[in-house]
Amino acid sequence: MGVSQRAGRIPAFIVMDVLERAQELAAAGREIIHLEVGEPDFATPEVMTKAAAAAMARGETHYTHSMGIMELRCAIAENYRKRYGVEVDPARVLVTAGTSAAMLLLFSALLEDGQRVILSDPHYACYDNFIEFAGGVPVRIPVRAREGFQFRADEIRAAMDANTRAIFINSPANPTGQVMPPALLAAVAEMAPGNPGGPYVISDEIYHGLVYEGQEHSILEYTDNAFVLDGFSKRYAMCGWRLGYLIAPPHFIRPLQKMHQNFAICAPSVAQWAGIAALQNGWDEVARMRQIYDTRRQLLVQGLRELGFPIAVEPKGAFYIFTSCAHIDADDYRLAFDILEKTGVAVTPGRDFGPGGHGFLRFSYCNSRPNIELALRRLKDYLAGR
């Protein structure tokens, strides 16, 4: 029997194709510099690993409550009170095995076939796939380099209709690294009052804590009737722990919980105890890593500009630089793989992030300063030889 149409329609995650080819070259003896993946190069800080070891020693290795252990849900709620000044009922928090799992549950609970979700173009590569897998229709609103890759409220309003179910935002954003200003967050909240008055806001806040200019804000500061996606992978360097969470309006919680019970049972037990330690005692480590990312950001922005890459507005958060490569080769896919093969520098083709990413490359600065400096020298030689 053939593969289902639903599975067959999912495109490749191109950054993983780049990573896997880079790994093949490394296995053959090539020295590869990874500027493609959005994964912290830091080891998980000791405060989290010690908490996990202690949890294992106590025998905390069994199934947990399907919503997550109450201690973690309370710690998440307390984090929102301290950082954003908002009250979150722990009963609205669902802990999942990574934020991707939370996203799949969210769209499965929210969307009927054909309902529309507005999102930026470019955007994180997998958003479209989650929406379409759940039967929804992504509606892409261009965000432009000359405007700092920011949504325009008038363009969101113009795209909305009676079938619009959600407005999906991501700040700080992947791949652009831009942070939404408070006025825009407030405007989006007004446009999406939630059921029955209108669509919901979905806010992916996975890069909160990694902002270098200005300040990030949670959508929950502007409306309580929203979904928040977040997790521990990025700011706490815990990608492999697979720990995320979803904050949802109260009437969605029981349906989300039932799906989670069926599809996953619960999030990893030991990871949940590490998550508590991260929230309660990990912020000094976040500050340390953020300062290092910032020095890398400045180095890579300057280096790419010197190589002729146009960066009109510097990224203010996350750990990416998104820049046009059309002056070198408008085919970003071909260019990224050519750079990899000829220089050993792995970067991500912009088309991975939607139609608006064609003709762009994404550079991640999740690598050391010496490696970034070496990558820039290799890119300089590559461009000189074209």
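Q: What makes the pair Glu-205 and Ser-203 a polar contact?
A: In this predicted model, the side chains of Glu-205 and Ser-203 are joined at 2.8 Å, and the cut-off for such a pair of N or O atoms is 3.5 Å. The value is within the cut-off, so the pair counts as a polar contact. A polar atom of the Glu-205 side chain also lies 3.0 Å from the backbone nitrogen of Ile-219.

Q: Why is Glu-205 said to have no salt bridge?
A: The nearest side chain of opposite charge, Arg-235, is 7.5 Å away.

Q: How do you know that the span of helix α10 agrees with its number of residues?
A: At 1.5 Å a residue, the 13 residues of α10 (269-281) should span 18 Å, and the end C-alpha atoms are 19 Å apart, so the two agree.

Q: Why is α10 called largely enclosed?
A: Because 11 of its 13 residues are buried, among them Trp-273 and Leu-279. The buried residues of α10 pack against α3 (46-57), α4 (70-84), β2 (93-96) and α11 (283-306).

Q: What makes β11 and β12 a strand pair?
A: Pairing needs at least two bridges, and β11 and β12 (360-364) have two, in the antiparallel sense. In β12, Arg-362 is the bridge partner of Thr-348.

Q: Why do β9 and β11 stand at the edges?
A: The open sheet runs β9-β12-β11. β9 (320-324) and β11 (348-349) each have a single partner strand, so one side of each lacks a neighbour in the sheet.

Terms used. Residues are numbered from 1 along each chain as its sequence is written. This is a predicted model: local features need pLDDT of at least 70, side-chain atom pairs count only at pLDDT 80 or more; totals for chains, interfaces and linings use all residues. Side-chain values use heavy atoms; hydrogens and water are left out. Buried means under 20% relative accessible area, exposed over 50%, partly exposed in between (1.4 Å probe, protein chains only). Lys and Arg count as positive and Asp and Glu as negative; His and the chain ends are not counted. A salt bridge is a side-chain nitrogen of Lys or Arg within 4 Å of a carboxyl oxygen of Asp or Glu. A polar contact is a pair of N or O atoms within 3.5 Å; within protein, one must be able to donate a hydrogen and the other to accept it, and residues adjacent in sequence count only if both atoms are side-chain atoms. Helices (H or I, at least four residues) and strands (E, at least two) are DSSP runs, numbered from the N terminus. The expected span of a helix is 1.5 Å times one less than its number of residues. Contact means heavy atoms within 4.5 Å.
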